[in-house]
Amino acid sequence: MNKFYKRQVFLTSLLLMFSIMALAQVRVTGVVKETDGQPMPAVTVTIKGTTNAVSTSVDGKFSISAPTNGVLTFSFIGYTTKDVSISGKTSLEVVLSTASKTLNEVVVVGYSSKQLSQLSSSVSVISGDKLRDVTSNDVVSLLQGKAPGVVVSSASGDPTSTSSILIRGASSINASTSPLIVVDGNIGGTYNASDVESVTVLKDAAATGLYGSRAANGVIIITTKMGKAGQTKIDVSSVVGFNTKTTGNFHLMDSQQLYDYQKTFINPDPSVLKNNTNWFNLAFRTGVTQNHTLSVSGGTDKTQYYISGNYYNEQGTLIDNGNRNYNFRTNITTKLNDKLKLSVLLNTIYTQQTYPTDNLLYDAYLNLPYDPAFNADGTPTDGRTYPGWQGRDKENPLQGLQYNFSNSRSLSNNGDLNLDYNITKHLSFATYNRITLYNDKYITYYDARTKSGGANSGELYNQDDYNSTLLTSNRLKYDNSFGQHNLSLLAVGEGQTYHSDNALLNGKGLPPGRPVMSTATDIISAPSGSTNDYNFRKYLGQADYNYAGKYFLVGSYVHEYSSRFGSNNPSGNFFQAGTSWILTKESFMDNIKPVSFLKLRASYGTTGNAEIGNYQALGLYSIDQSANYGGIPGAYPNQKANPNLTWEKIKTANIGLDFGLFNRINVSLDVYQKTSSALLFQVPLPATSGYDYEFENLGSVRNRGLEINVTSKNLVGEFKWETNFNIAFNRNKVTSLNAGKSEVNPAGPLPIAVGHDMNDWYMPIWAGVNPANGDPQWEQLVTDANGKVTKQLTNSYANATKQFTGTSASPKFTGGITNTFAYKGFSLSTFFNFVYGNKVYNDSRVYFDNDGLYDSYNAMVAPSGWTRWQKPGDIATEPKAVQGGNNNSNQQSSRYLENGSYLRLRNVTLGYQLPTNWISSLKIRSARIFVSGDNLVTFTKFSGVDPEVDLSPVVGNRGAEGLSSFKYPISRKILFGINVGF
């Protein structure tokens, strides 16, 4: 064998040996843990460069065959993906750390998804887990205090009521100020709190603008849970708890206290002291809240699914009041082939609600403790016939509740059919389609044996409502990269139609206990009903560019049509632009080690507002019973036409700064200005015109504000402590009104006036009590012959001057703070929300703090520091009590404006994650038990049961914002729960 041949054999053998080594497989086993040493189940372990993958078991272990020189990739949502070289090893221990959300979190914004670091707009993201720390089925209420600039408020603790939401201040007078809700990529839709994966709040024009006309008040994007490829997961959550009313600083008098007070101005009979009924306590109860969820999720690389069912039942603390929901959701996504993906999303919600009747809440506040609630045999008394009943309304609500009821049932069905088609590598088309069907029925019955139904020998009211929404959204998208240049183009055509109708029927003369319309002998009023239709069409284009992942530029244009506007102006055009710069990707930032992330953002754009209801631009006739002539239906003009009515236009500018320090602290700052013009406003018309009002475009309103959000990892390691703090400041100002006007609705407590906040209080200013005689006093502005205005005091309400009080129903700032602690398997979280600087008009005091006017109503116990005038020289806060009232002292004035600021411990949750080695033998993936408390304590100076009021403008009811009147108290809840995963 010659040398050449030997050399060839040697080289071939060597090459073969290396090839065999390269192809050699080894069984690699190991465990994946968190930084605190806890094992991590369901981590995806992939052989890099292939599709071969396994998932870790409940105890974090895995086993996979891989090339001896291969690389394993370990990934899990919310954690930094990690590559580990095998290098011939057969055993690995891998530790995954939590990913930096500032840089890596993907959020849904305007028909697409992006990493937070790549956004040029102002958004807030709240995960579903952080959203659900408070127990409620109302997602909007769960947002309270969770995002800067998002003000959530509720005027009631009734579980059937909904919260209002305001983003970056009110920008409309008569149109809605509520944000647009987008569910799973489409406008509108239904959802249940248990199914929410995340909520994204879009606040500036660069983020909201793609939604055009309905984005003026911000956009809330709700993303529901989807299945993930891997092992099937079964998750069970069960929560049960108890609800009790909260009364804050408020207390009503008992019989002795009321008797002693009334003796100062009348001579009550001592016999009234034989009864001491606490009507407030009798009207309320300890309610029960239940929240049970079962979900199954999983799938393959081709098909993923998420199926869930939820039962939520919350008894109101007011008796005969509750909210019960049954929710079923199915989300399925499947790849039909390499280019086409199909998504089917179905959601059904069945709701049953019961409402208080018989003036229950009103009587709880005002009924006298002198009157008994029960007869000697234990049956409820009847105030109409009980001898010696003292109360003004002669009503025992408990008597009526035996027979009367008010309830509703509703069924909502929502279906999405979405197709995503990859035309080429860079070009894709998607069609998102949704149908929503809703039907409800309301029934209210007043039995002939009760005060409410006695006058008409029984009353029955039936109402049926139906509405449907059809939406199609078709999207063409182009994505490509040219070196370090990255470009994305988007074109969308979208259409939506809506229909609703209702029918109302009533009857009287029903036999007792027969709440069926066929038993009625007559009608109370003529049957009525209505039908409504509207449609929207929208076309938009967007260009999104970035260079090297550090310079970003986005611009868009939207054209939209609405049937709600006049024939001359049914369409609107809107544009948006935003830019951002990640400074930490520049070389000059390399040596500034404390700064882990730094980004500047700026945006400007326009949006519109069309939320005024339907047909407001049309000339309408009314056909009803009042227009009958000789039994033939007649019609009369009801609304004046305005063919020039058009969109409200909102211009928003935003400058933002995002930065991170030491990879532990993340801060976002936003400064904004939002200016609304061509406001949609109901202008009153003179009676001689034959019309009440006409919708016109007039005036402008400006909102300016600052938002701050801070998240810090105070302690890391085995003991963890994380804090999230947010605060927002907003200043509202009416800058102009058309036709030379400086003020509209000057008679109301919240007029619209140039130079003022839309919610500035306007009423006589209370000047206290006259020490000499105990009379009430108000400010009176007097103008002399030279035009000089002087201020003097008057005890005549008729002479008191209505004026701006210098206070507002709008808070100066709002926010929240959450602290989360974790040690081994234990976790503790606390969440406070706060409102500061607003004045609340405590309208209830008109009735039970009235200085002797209503001696047949109960009275409130004076809070600490309040005193009543008794004799000349007394320096008192409350006027002299006089039978029949003291000079109209309880009329509307700043006397009843109170500090609405508060700090509330909204939630505390203590939980324990059971160790894996305790439950793995039971085939349980994870288990957590917890106890939580909602609304545990509120710090406030407000004298009523609760300072929280509706802070959003109420369409068609100016003055309702900032008003507290016979409030249904919020509930304090103590809940016990368990979460189990299989």
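A: Helices (H or I, at least four residues) and strands (E, at least two) are DSSP runs, numbered from the N terminus. The model is predicted, so local features need pLDDT of at least 70 and side-chain atom pairs pLDDT 80 or more, while totals for chains, interfaces and linings use all residues. Residues are numbered from 1 along each chain as its sequence is written, and side-chain values use heavy atoms, without hydrogens or water.

Rolling a probe the size of a water molecule over the atoms shows where empty space is left. A cavity is a set of points, on a 1 Å grid over the protein atoms alone, where a 1.4 Å probe fits but cannot get out; its lining residues have an atom within 4 Å of a point. Points are joined across faces, edges and corners, and the volume is the space filled by probe spheres set on them. The structure holds 8 cavities of 30 Å³ or more.

The largest cavity has a volume of about 260 Å³. Its lining counts 24 residues, and Val151, Leu166, Gly169, Asn730 and Pro811 lie nearest its centre. Strands E12 (164-167), E36 (700-715), E37 (719-736) and E45 (813-823) are the elements that give two or more residues to this lining. E37 gives the most, with 4 residues. By class, the lining of the largest cavity holds 12 nonpolar, 8 polar and 4 charged residues. Here Ala, Val, Leu, Ile, Met, Phe, Trp, Tyr, Cys and Pro count as nonpolar, Asp, Glu, Lys and Arg as charged, and the others, Gly among them, as polar.

Next comes the second largest cavity, with a volume of about 140 Å³. It is lined by 13 residues, and Val109, Lys114, Ser121, Ala206 and Gln542 are the closest to its centre. Strand E9 (112-115), helix H5 (205-208) and strand E26 (528-547) each give two or more residues to the lining of the second largest cavity. That lining has 6 nonpolar, 5 polar and 2 charged residues.

Buried means under 20% relative accessible area, exposed over 50%, and partly exposed in between (1.4 Å probe, protein chains only). The largest core has 32 residues, and Leu202, Tyr211 and Val219 have the most contacts inside it. E26 provides the largest share, 3 residues.

Most residues other than glycine have a negative phi. Arg168 has a positive phi, near 60°. It sits in the loop between E12 and E13. Arg168 is buried, at 2% relative accessibility. Asp851 also has a positive phi, near 60°. Its place is the loop between helix H11 (845-848) and strand E48 (897-899). Asp851 is buried, with a relative accessible area of 0%.

Thr379 lies between helix H8 (360-366) and helix H9 (397-401). Its C-alpha atom is 9.3 Å from that of Leu398, 19 residues away along the chain.

Technical notes:
On a 1 Å grid over the protein atoms alone, a cavity is a set of points where a 1.4 Å probe fits but cannot get out, and a pocket is an open set with protein on both sides within 12 Å along at least five of seven lines; lining residues have an atom within 4 Å of a point. A nonpolar core is a set of buried Ala, Val, Leu, Ile, Met, Phe, Trp, Tyr and Cys residues joined through side-chain atoms within 4.5 Å.
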